[in-house]
Amino acid sequence: VTKIDTKLHPLTSFLVRLLLRPKLWYEDPSREKEVLGEPSLVVCNHTGHLDGPIVTTALRGKGAIHNLAAKDRFEQRGFGFFLRHSGCIPIDREKPDSSWVHDSIKVLKEDKECVAIFPEGRHGSHREQLPFQPGAALLASLAGVPVVMVYVDGPVRIFGKRARLMVSAPFRLEHPSQGLNSEYILAQTQMLQDRMKLLMEEFIRRTT
């Protein structure tokens, strides 16, 4: 199990609040208090490198969130140092590796903290959604935790516009009646992608 270092969390949170000033909208304001009321999987869209710190900071008052990040990024100078010390969990995008699943489940079930995953897998352009990878549905199913969707209206840039997010009410995946097979995971992956699109549309409706 990977040891997770969070020593840069306070500094990251301070800088994000100072420079990006994240503002939240809730899909269902009446259920705001339920969001991250228990260890949850936070499923986010992905348009830029700042998405993870923004989500972690914006929802930090509701509990610690550990972002999943590409393993190769951990080896980069500068950015790798930040990832290694800001509570991130490495995920290998190049070859099959289940360590990220075990690390994430430990955080969710033993540490009682949240995990954020970005199932587009790479950056999309502004309000363009890329196909979701199955990792989010797989992890939510194995861990049996609530899912909270977060739409970040990006890409967000330092000294640019204020970071803006739309947050869904928590929900759980349907119980796999035929077991945790590939058909179930693909169906739940498509459901998550469809819900993210609806969340984006609700954000646009509220802010324009």
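Two cavities of 30 Å³ or more turn up in this predicted model, a cavity being a set of points on a 1 Å grid over the protein atoms alone where a 1.4 Å probe fits but cannot get out. Volumes are the space filled by probe spheres set on the points, with grid points joined across faces, edges and corners. Residues are numbered from 1 along each chain as its sequence is written, and side-chain values use heavy atoms, leaving out hydrogens and water. As this is a predicted model, local features need pLDDT of at least 70 and side-chain atom pairs count only at pLDDT 80 or more, while totals for chains, interfaces and linings use all residues.

- The largest cavity holds about 90 Å³ of space, and of the 13 residues lining it, His9, Thr12, Pro53, Thr56 and Ser86 lie nearest its centre.
- Two or more lining residues come from each of helix 1, helix 2 (51-58) and strand 3; helices (H or I, at least four residues) and strands (E, at least two) are DSSP runs, numbered from the N terminus.
- Helix 2 gives the most to this lining, with four residues.
- By class, the lining of the largest cavity has four nonpolar, eight polar and one charged residues, where Ala, Val, Leu, Ile, Met, Phe, Trp, Tyr, Cys and Pro count as nonpolar, Asp, Glu, Lys and Arg as charged, and the others, Gly among them, as polar.
- In the second largest cavity there is about 60 Å³ of space, with a lining that includes Asn45, His46, Glu120, Arg127, Tyr151 and Met200.
- Three nonpolar, five polar and three charged residues make up the lining of the second largest cavity.

- Helix 2, strand 3, helix 3 (79-84) and helix 5 each give two or more residues to the lining of the largest pocket, with strand 3 supplying the largest share, four residues.
- That lining divides into 17 nonpolar, nine polar and six charged residues.
- About 200 Å³ of space lies in the second largest pocket, whose lining has nine nonpolar, two polar and no charged residues.
- Helix 1 gives the most to the lining of the second largest pocket, with four residues; Leu15, Leu19, Phe79 and Phe82 are among the residues that line this pocket.

- Seven strands make an open sheet of mixed pairing, in the order 1-7-6-2-5-3-4; two strands pair if DSSP finds at least two bridges between them.
- Strand 1 (23-26) and strand 4 (89-91) are the edge strands, each pairing on one side only.
- Strand 2 runs parallel to strand 6, joined by four bridges, and cysteine 44 stands opposite valine 150 in strand 6.
- Strand 2 also pairs in the parallel sense with strand 5, over three bridges, and there leucine 41 has valine 115 as its bridge partner.
- Both faces of strand 2 are covered, with Leu41 and Val43 on one side and Val42 and Cys44 on the other all buried (buried means under 20% relative accessible area, exposed over 50%, partly exposed in between, with a 1.4 Å probe and protein chains only).
- Strand 6 (residues 147-152) and strand 7 (residues 164-167) pair in the antiparallel sense over three bridges, and valine 152 stands opposite leucine 165 in strand 7.

**Two buried residues**

- Proline 22 sits in the loop between helix 1 (9-19) and strand 1, and counts as buried at 16% relative accessibility.
- Leaving aside neighbours within four places in sequence, proline 22 is in contact (heavy atoms within 4.5 Å) with Val16, Arg17, Ile54, Ala58, Arg162, Ala163 and Leu165.
- The C-alpha atoms of proline 22 and arginine 162 are separated by 6.2 Å, although the two residues are 140 residues apart along the chain.
- Serine 13 has its place in helix 1 and is buried, with a relative accessible area of 7%.
- Not counting residues up to four places away in sequence, serine 13 touches Thr57 and Arg60.

Note on methods. 1 Å grid on protein atoms, 1.4 Å probe; cavity = no way out; pocket = protein on both sides within 12 Å on 5 of 7 lines; lining within 4 Å.
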